[in-house]
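Trainee: Hi, could you walk me through this one? I'd like to go through it bit by bit.

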Amino acid sequence: MPAARSTAARASWFARWRERALREAPNDVGPIVLRHSRIYLLPTRRGWAIIGTLAMMLVGSLNYSLALGLGVTFVLAGLVAATQLHAFRNLAGLTVAPLAAGEAFAGGTLAFTLALHAGTAARHDISVASATARAGGNVEAGTVLTTTLEVPVPRRGRVALGRVTLSSAFPLGLWRAWSYVHFPLAGLVFPAAEMNPPPLPAGEGGHDGLTRGASDETDLVGLRTFQRGDPPQRVAWKAVARGAGWFSKEFDATGGGGTVTLAWERLPAALPVEARLARLTAWTLAAERAARRFALRLPGTSLPAAQGREQRIAALTALALYPAQPDAPPARKASRRVSRGRNAP
Amino acid sequence: MLARRSRWAGRTAPSTRTLGTRELRWLGVLLVAAQLPQAPHLPIWVAVAGLALVLVRVAILRTDPWRPQAPPARIPSWTLAVFAIAAAIAVRQTFGYFVGRDPSVAFLYILVAIKYLETRTARDATLLVCLACFLLMTPFFYSQSLVAALAALPAVVLIGVALDVLAHAQSIATRTFQPGVALRRSAVLMLQGLPLAFLLFVFFPRLAQPLWGLPTDWIARSGLSDSMSPGQISELSLSDEVAFRVEFDGAVPSARDRYWRGPVFARFDGRTWSGMPFGVPDRSTPSDGAIVSYTVTLEPNERRSLFALELPAAPPVLQSGSASGRDVKAIITRDRQVLLSTPVTQALRYTQRSHLAASYPAASPNEGRLLLGLGEGNPRTIAFARALRREVPDDHAFIAAILSKFRDENFVYTLTPPFYDRDPVDLFVFEERRGFCEHYASAFALMLRAAGIPARVVTGYQGGATNRDYMIVRQSDAHAWTEALLDGRWTRFDPTAAVAPSRVEIGLGGALRAGEPLPFLARLDGTWLTRVQLAWDAFNYDWRRNVIGFNRERQRTLWNDWKLDPYAPWQIVLLVAGLAGTWAALVVGGLMWKRRKQERALVLWDGLNRRLARAGLPRHPYEGPIAFAHRAAARWPQFAIAFTAIGESFAALRYGDVPAPREREALLATLKRAIEVLPPPGTLRGAS
């Protein structure tokens with residue numbers, strides 16, 4: 001039993017060490033100042049090449065008793081070592097703060113914003129990289145650089161930024177200094193809207209622009225540029241005839257249009273889950289564009305009818321977080337990672 | 001998976017990135033700077049071809065105005081092999097062999113240039129920088145003078161600049177490249193690295209023996225050789241090169257006693273004197289004559305002979321070994337030569353004791369029997385000596401007669417003797433009568449042998465010039481004299497002194513007639529130029545002693561001087577690591593201190609923020625100085641004036657128009673005083 005406990009203790013010690021070294025869990029809260037315990041330094045490939053060359057020069061000079069050969073080797077070695085100190089100094093004292101995580105539709109890019117505070121020293125060539133995105137630049141002394149990581153998001157769900165590597169090969173590209181920071185920063189990725197979705201379902205009460213026909217002049221609010229897919233009865237033929245260009249008539253649906261219910265169970269039964277979500281997303285956006293009240297019903301979730309920006313975000317969030325299917329691993333993995341991080345003692 | 005991808009994302013551009021014109025141009029500058037110190041030591045065509053190839057590439061790098069986006073011009077890769085093979089063949093033709101130091105250096109020199117012609121990617125650039133590092137080292141095979149050391153420095157700085165240009169091209173930040181900034185940065189990095197370089201130079205352990213053999217073509221330097229034929233020493237005498245330097249422990253012996261004994265030649269073939277193939281060690285110690293003790297620093301000469309005042313009393317105490325470093329021993333041979341077991345390939349220091357004696361007892365009475373060979377030819381000289389011997393049977397009187405012949409007849413001491421083709425001694429004694437020391441010594445020894453007196457030729461140096469606290473012996477002091485076996489003792493005779501006594505008294509400059517070509521420094525007039533030359537030599541001597549000659553033994557001596565010898569190697573390693581750590585702390589600390597000085601206002605502000613955060617009022621990241629000061633003033637109304645002053649002065653310093661220096665100082669003083677007014681965080685936390 002004690003043996004088992006000590007094994008467990010060792011394992012936990014190892015886990016703690018690993019966590020400290022690699023920052024695999026999002027435990028960094030608030031601004032992080034990069035100090036020596038976080039900064040790693042290793043030669044770059046070019047650095048290794050130079051160090052190897054210097055080693056060969058050292059052996060050659062020793063063998064031939066070339067005092068000046070040793071001298072030039074050591075002067076170059078001193079230069080390489082000074083470069084290492086500068087590389088360290090370039091990162092040391094830099095402050096990184098998480099600013100914001102954005103929103104995106106699947107297939108687009110999700111923006112995560114970080115702020116780099118230079119402090120009293122100028123920072124050169126700071127690269128900020130997550131697993132799939134990279135940004136960075138110089139930070140002048142006393143200034144803040146706001147960098148945005150545009151992370152490509154192929155699937156819906158909650159997507160964590162994950163561990164971010166701050167690195168720099170300044171000044172001569174011989175040493176790479178880097179640090180890991182892992183903020184619990186996560187953004188929402190909504191499902192991608194279906195291309196060319198069917199028209200919105202009929203409203204309850206009131207009227208619908210499509211079903212009522214284009215003759216009802218009372219509700220006409222204006223014209224907008226014709227887009228492919230607009231029904232022919234909405235085309236402003238008079239304008240076309242005048243040669244003014246192609247326009248579609250827009251109708252104010254609020255007055256007459258009733259609440260639309262976007263319901264999961266009313267979709268064709270053959271439709272797979274992600275396709276349903278894509279259609280519901282497209283309808284949500286269409287309802288918002290048409291400024292209509294809508295309600296959303298998903299298995300396990302139900303949004304009462306409402307209208308406006310909050311309603312759209314609530315609906316998209318519900319769609320994004322709908323229990324994912326096994327064919328969407330990254331989103332699920334990311335969300336689990338976040339929850340594990342939060343539950344950690 | 002995630003970690004690997006993130007590492008990929010953090011990497012700088014791949015090594016196959018195509019180089020831009022600017023990078024290639026700076027690489028060209030670096031290569032030229034690395035080639036120039038090597039060029040004087042190469043055959044002329046190699047030196048010119050290597051430089052020309054680099055310059056050709058730099059010249060064609062000009063961007064085509066019609067196609068600005070086109071990649072920089074270069075030769076196709078396959079031609080690299082063609083060029084390299086052609087260069088290898090040409091080098092082989094020039095040197096006559098390929099495996100050796102000189103052809104290898106020449107080949108490396110030209111290969112770097114060919115590689116530069118073909119260079120395209122970042123990986124090629126890395127290779128070129130590494131090759132340039134190697135090129136920096138090769139000139140030291142040929143010369144380790146201060147000039148050679150200084151010549152390497154520009155290239156060291158340019159290595160930094162080239163790396164900076166390459167790093168700049170891969171950088172994520174968009175900033176314009178400024179050559180001035182890069183040069184300064186590289187120079188600063190080099191200067192900051194110098195203390196560490198010094199530490200390594202002093203403490204890095206040297207090899208006791210080489211890991212692999214030294215190249216066979218290790219250059220043969222000028223100096224006395226293993227044989228003596230007419231004209232050899234007079235040629236040497238035109239050289240100002242230093243043979244060795246001497247520090248005497250006591251009084252300096254007078255010039256006429258300073259015969260530095262070197263190779264001894266006993267065999268004569270009618271033209272050339274040569275030595276015995278091996279030296280027989282001899283332990284007997286002749287014990288007459290005043291003892292002098294001195295330390296010689298011998299320039300490397302690739303020979304085994306050491307030089308000692310006549311007569312060496314005991315084998316020398318070696319202070320620093322030769323380059324080959326194996327267990328080097330010095331012996332005294334039966335003919336009183338000091339011989340080293342290996343050739344002297346680096347500056348060698350040894351302490352020697354000598355008796356100032358012009359004669360010494362022969363090792364055995366039979367020794368003389370082998371030393372009567374007359375060689376071929378020279379019949380007139382031999383006949384003359386035999387005839388004279390019949391008239392003068394006494395050895396001493398016979399020798400005096402020959403010396404007086406040299407003195408009284410019209411013999412001329414000259415550095416430019418005619419070339420004696422056949423029977424050189426006959427031609428010299430009976431026809432031309434113009435000769436240098438080797439002619440006199442050779443003729444004199446031959447005449448003695450013809451008369452049945454065993455004799456041999458001794459070569460070495462005679463004299464030397466005092467400079468500060470040491471003496472310089474140059475190649476122009478090279479000399480040859482004779483030893484004859486009289487009454488069981490080898491006795492020195494210098495026939496040159498009979499012709500030109502001042503040669504021995506005051507040196508070559510006093511002995512030659514006006515108008516003779518003379519090595520510059522052998523002339524006697526003490527012009528300021530000579531003084532400058534001597535000061536320069538003194539400096540070179542120190543350089544030689546403390547930098548070039550800093551080998552394993554000198555390192556040990558230094559450690560002893562510093563009382564480091566009782567410590568184990570690991571303790572010394574620890575000490576060096578500690579010193580290196582101190583250096584690193586000083587460099588990093590220096591960087592911080594410098595920046596702090598530049599940003600004093602910011603430092604004061606940061607300090608205040610930390611104090612207020614401890615007092616329970618952290619500044620919000622979005623909060624500006626004035627807003628934060630307002631909040632602090634509201635929290636601690638009794639310090640409202642101080643906070644307002646702090647906020648306004650910091651905002652003015654940081655975000656206002658650039659103030660005049662005096663105004664700036666005033667603002668800083670206000671900021672500082674206002675911050676000093678505030679109590680420590682603990683008190684502040686309690687106050688309300």
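**The largest cavity and beyond**

Mentor: Happy to! The residues lining the largest cavity divide into seven nonpolar, three polar and two charged. Here Ala, Val, Leu, Ile, Met, Phe, Trp, Tyr, Cys and Pro count as nonpolar, Asp, Glu, Lys and Arg as charged, and the others, Gly among them, as polar. This is a predicted model, in which local features need pLDDT of at least 70 and side-chain atom pairs count only at pLDDT 80 or more, while totals for chains, interfaces and linings use all residues. Residues are numbered from 1 along each chain as its sequence is written, chains are lettered from A and ligands numbered from 1 in the order in which they are written, and side-chain values use heavy atoms, with hydrogens and water left out.

Trainee: Which residues line the largest cavity?

Mentor: Among them are Met228(B), Arg271(B), Trp273(B), Tyr420(B), Phe428(B), Glu438(B) and His439(B). Two helices of chain B, α12 (424-432) and α13 (437-450), each supply at least two residues of that lining. Helices are DSSP runs (H or I, at least four residues), strands are E runs of at least two, and both are numbered from the N terminus.

Trainee: How much space lies in the largest cavity?

Mentor: About 80 Å³. The structure holds seven cavities of 30 Å³ or more. On a 1 Å grid over the protein atoms alone, a cavity is a set of points where a 1.4 Å probe fits but cannot get out, and a pocket is an open set with protein on both sides within 12 Å along at least five of seven lines; lining residues have an atom within 4 Å of a point. Grid points are joined across faces, edges and corners, and a volume is the space filled by probe spheres set on the points.

Trainee: OK, pockets then. What volume does the largest pocket have?

Mentor: About 1,300 Å³. Its lining has 43 residues, and those nearest the centre are Thr95(A), His117(A), Gly119(A), Asp606(B) and Arg619(B).

Trainee: Which element gives the most to that pocket's lining?

Mentor: α20(B) does, with eight residues. The elements supplying at least two residues each include β3 (95-101) and β5 (109-117) of chain A, and α19 (569-598) and α22 (640-655) of chain B. By type, the pocket lining divides into 22 nonpolar, 12 polar and nine charged residues.

Trainee: New topic: how many residues of each chain are in contact?

Mentor: 63 residues of chain A are in contact (heavy atoms within 4.5 Å) with 73 of chain B. The two chains bury about 6,100 Å² between them, 71% of it on carbon and sulfur atoms. Buried area is the accessible area (1.4 Å probe) that two parts lose on being put together, summed over both. Arg46(A), Tyr64(A) and Leu68(A) supply 13% of the area that chain A buries against chain B, more than any other three residues.

Trainee: How many salt bridges and polar contacts are there between the chains?

Mentor: The count between chain A and chain B is zero salt bridges, taking a salt bridge as a side-chain nitrogen of Lys or Arg within 4 Å of a carboxyl oxygen of Asp or Glu. There are five residue pairs in polar contact across the interface, both residues at pLDDT 80 or more. A polar contact is a pair of N or O atoms within 3.5 Å; within protein, one must be able to donate a hydrogen and the other to accept it, and residues adjacent in sequence count only if both atoms are side-chain atoms.

Trainee: And over all chains, how many salt bridges?

Mentor: 20. One joins Glu118(B) and Lys115(B), with the closest N and O atoms 2.9 Å apart.

Trainee: Last one: where is there a cis peptide bond?

Mentor: One joins Phe170(A) and Pro171(A), with omega about 5°.
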